Amino acid sequence: MRVASALSEALSRGDTHAEPLAVEGDRLDFVDTLRRMQPDLVINLCESVAADSRGEMVIPCLLDMMGLPYTGSSALSLGLALHKPKAKELLRGRGVSTPPFAVVERLEDVMSVDLAFPLIVKPAREDASVGVDFDSVVEDRAGLARAAEAVLSTFHQPALVEQFIRGREIYVPLLGNAPRRALPLTEIRFGAAFENRPNIVSYKAKWEEDSPECQDSPSVPCRLEDTALEARLVRTAMDAFTALDCVDYGRVDLRVTPEGVPYVIDINPNCDLHPGAGFAKAAAAAGMDYPALAARLVEIALERAHGNPSHRKKGPGAARSAHPQNRNVLAGRGGVRRRAGGSRAHAE
């Protein structure tokens, strides 16, 4: 909701009006609201429905059915990114470097895991570092069994087991479609709280602001002295984004070995757009302030939607076009909308 409020404020300028629209619990009241309002664009910020991350796919499906254009990737891309083993299979099939992995569906499957230690164990269908802590990195089969059992019993889903890549953790924020550009890269700087511990972005490091892990793992926009390495990271991130058919914006997370070999560890097509989060910081490092970033996200989505017949409006709003100077946008956990004589945005 903080992101929705920030985007609404940033977009409600000139002839554009942005209005937050909440997706609450398992209720679908927002569908009737959207159908009535007929926004020009929906800014899709919804990452779960009824506290279930799999519900992230529901919103773009409903928007497609209503013929409403929206920012960000499709339901298919969001679903693939959330289903980490399927995403890794696609990456591997496309020749994109990603750590070797196995899937543990039952505890007895641990014995058949044939990967070199150390390994990292995480839930197969969660995001935002849910279920990841220092104990997720294991050095032997007994540790693997303990970590896999914790995932199976706590999250009631398979455990993804990956070879743990020692080295730097660098994020590549991507913006646009044709052309697509990389914003300044972001590196996680692991501090004192990570001495003699795995250098990983755990759930605490990501979300518990008072924890030592969070305070000692800032994300910092960076320029790599090795320009060839930076180009390799950007190319790998671009290839990963394309493999999952992601669009508009997102972030690809990589681990980089001391030898400079990048490995994709996560693709986030619906990354945090709060002005204090990494994506906005990267945009600022590229000379794009938050209102400019918000406006650019709208422009990118509308440019794509107008070239895609499947995103043309249905029903009474079908004849309206969204002129960039006269726009109605919905922003929040939702979207963008325009009305005669002015512009309105809606974010869900």
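User: What share of the contacts in the protein chain with a separation of 6 or more is between residues 24 or more positions apart?
Analyst: Keeping in mind that this is a predicted model, residues 24 or more positions apart account for 67% of those contacts in the protein chain. The chain has 348 residues, of which 55% count as buried, and its secondary structure comes to 11 helices and 15 strands.

User: Okay, helices then. How do α1 and α11 cross?
Analyst: The axes of α1, which covers residues 2–11, and α11, which covers residues 290–306, come within 9 Å and cross at roughly 90 degrees. Angles of 65 to 115 degrees count as roughly perpendicular, and α1 and α11 are therefore roughly perpendicular to each other.

User: Which residues make that contact?
Analyst: From α1 the contact uses V3, A6, L7, A10 and L11, while α11 contributes Y290, P291, A294, A295 and V298. By class, the residues of this contact of α1 with α11 are 10 nonpolar, with no polar and no charged ones.

User: And α4, is that mostly covered or mostly exposed?
Analyst: Helix α4, residues 75–82, is mostly covered, with 7 of its 8 residues buried. The buried ones are A75, S77, L78, G79, L80, A81 and L82, and they pack against α3 (58–66), α5 (84–93) and β12.

User: Switching to pockets: what is the volume of the largest pocket, and what lines it?
Analyst: The largest pocket has a volume of about 1,400 Å³, and 45 residues line it, with E47, K206, W207, D272 and A277 lying nearest its centre. The elements that give two or more residues to this lining are α1, β7, β9 (185–188), α7 (203–207), β12 and α10 (278–285), and the largest share, 4 residues, comes from α7.

User: How does that lining divide by class?
Analyst: The lining of the largest pocket has 21 nonpolar, 12 polar and 12 charged residues.

User: What about the second largest pocket, how much space lies in it?
Analyst: The second largest pocket holds about 230 Å³ of space and is lined by 17 residues, of which D133, D135, S136, A147 and A150 lie nearest its centre. By class, the lining of the second largest pocket divides into 8 nonpolar, 4 polar and 5 charged residues.

User: How many cavities of 30 Å³ or more are there in the whole structure?
Analyst: A search of the whole structure finds 4 cavities of 30 Å³ or more, and the largest cavity has a volume of about 350 Å³. That largest cavity is lined by 24 residues, and K122, S129, V132, V201 and I265 are the ones nearest its centre. Elements giving two or more residues to its lining are β4 (119–123), β6 (159–163), β7 (168–176), β11 (249–256) and β12 (262–268), with β4 providing the largest share, 3 residues.

User: How many charged residues are in the lining of the largest cavity?
Analyst: There are 10 charged residues in the lining of the largest cavity, alongside 12 nonpolar and 2 polar ones.

User: What about D245, buried or exposed?
Analyst: D245 is exposed, with a relative accessible area of 54%, and its phi is near 60 degrees, again a positive value in a residue other than glycine. D245 lies in the loop between α9 (227–243) and β11.

Methods:
Residues are numbered from 1 along each chain as its sequence is written. This is a predicted model: local features need pLDDT of at least 70, side-chain atom pairs count only at pLDDT 80 or more; totals for chains, interfaces and linings use all residues. Side-chain values use heavy atoms; hydrogens and water are left out. On a 1 Å grid over the protein atoms alone, a cavity is a set of points where a 1.4 Å probe fits but cannot get out, and a pocket is an open set with protein on both sides within 12 Å along at least five of seven lines; lining residues have an atom within 4 Å of a point. Grid points are joined across faces, edges and corners, and a volume is the space filled by probe spheres set on the points. Ala, Val, Leu, Ile, Met, Phe, Trp, Tyr, Cys and Pro count as nonpolar, Asp, Glu, Lys and Arg as charged, and the others, Gly among them, as polar. Axes are lines fitted to C-alpha atoms, for helices over the stretch in contact, and angles run from 0 to 180 degrees between N-to-C directions. Angles under 35 degrees count as roughly parallel, over 145 as roughly antiparallel, 65 to 115 as roughly perpendicular and the rest as oblique. Contact means heavy atoms within 4.5 Å. Buried means under 20% relative accessible area, exposed over 50%, partly exposed in between (1.4 Å probe, protein chains only).
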